[in-house]
Amino acid sequence: MKVYIVEDDGSMRIILKRLLRKNFSEITSIGESESAEKALEEIPSFAPDVILVDISLPGIDGIEMIKKLKPTCQELCILVVTGHDVETYKQAALKAGAHGIVTKMQDDELLRYISELLGRSKQGGCV
């Protein structure tokens, strides 16, 4: 299983990678980017099973990135991981094509969502 992280905060990318490696032995590769633009270039060739994306990114934000990505990568499982109020962005994230949204510092909920999305990906994706 492969996961791709789109997060502009380098410290948060490190935290997310550690959390993934510690809790999910089935994850064999983790890609990362600090911007949506770079992620949109790399994701097709990296071919992740799950993408974790922040909302607030420099340039294109996370919601717009999802909208650009979904038409060509419909099977991808996408989780928005944000420091913002989840309820404020929930409808926009889901409408864009995300499969969930969680607050960055809620590790238990984050792990639950990731586990669910990894399971869905194993069964053919999140279409």
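**Exercise 1.** Determine whether arginine 120 is buried, exposed or partly exposed, and which residue its side chain meets in a salt bridge.

*Solution.* Step 1: arginine 120 has 29% relative accessibility and therefore counts as partly exposed; buried means under 20% relative accessible area, exposed over 50%, and partly exposed in between (1.4 Å probe, protein chains only). This is a predicted model, in which local features need pLDDT of at least 70 and side-chain atom pairs count only at pLDDT 80 or more, while totals for chains, interfaces and linings use all residues. Residues are numbered from 1 along each chain as its sequence is written, and side-chain values use heavy atoms, with hydrogens and water left out.

Step 2: the partner is glutamate 116, at 3.9 Å from N to O. A salt bridge requires a side-chain nitrogen of Lys or Arg within 4 Å of a carboxyl oxygen of Asp or Glu.

Step 3: both residues lie in helix α5 (residues 107-122), 4 residues apart, about one turn of the helix. Helices (H or I, at least four residues) and strands (E, at least two) are DSSP runs, numbered from the N terminus.

Step 4: glutamate 116 is partly exposed as well, at 36%. Elsewhere, salt bridges with shared partners join Glu7, Asp54 and Lys104 into one network.

**Exercise 2.** Locate the salt bridge of lysine 67 and glutamate 64 within the secondary structure.

*Solution.* Step 1: the N to O distance is 3.2 Å. Step 2: the two residues are 3 positions apart in helix α3 (residues 62-69), so about one helical turn separates them. Step 3: lysine 67 is partly exposed at 43%, and glutamate 64 is partly exposed at 33%.
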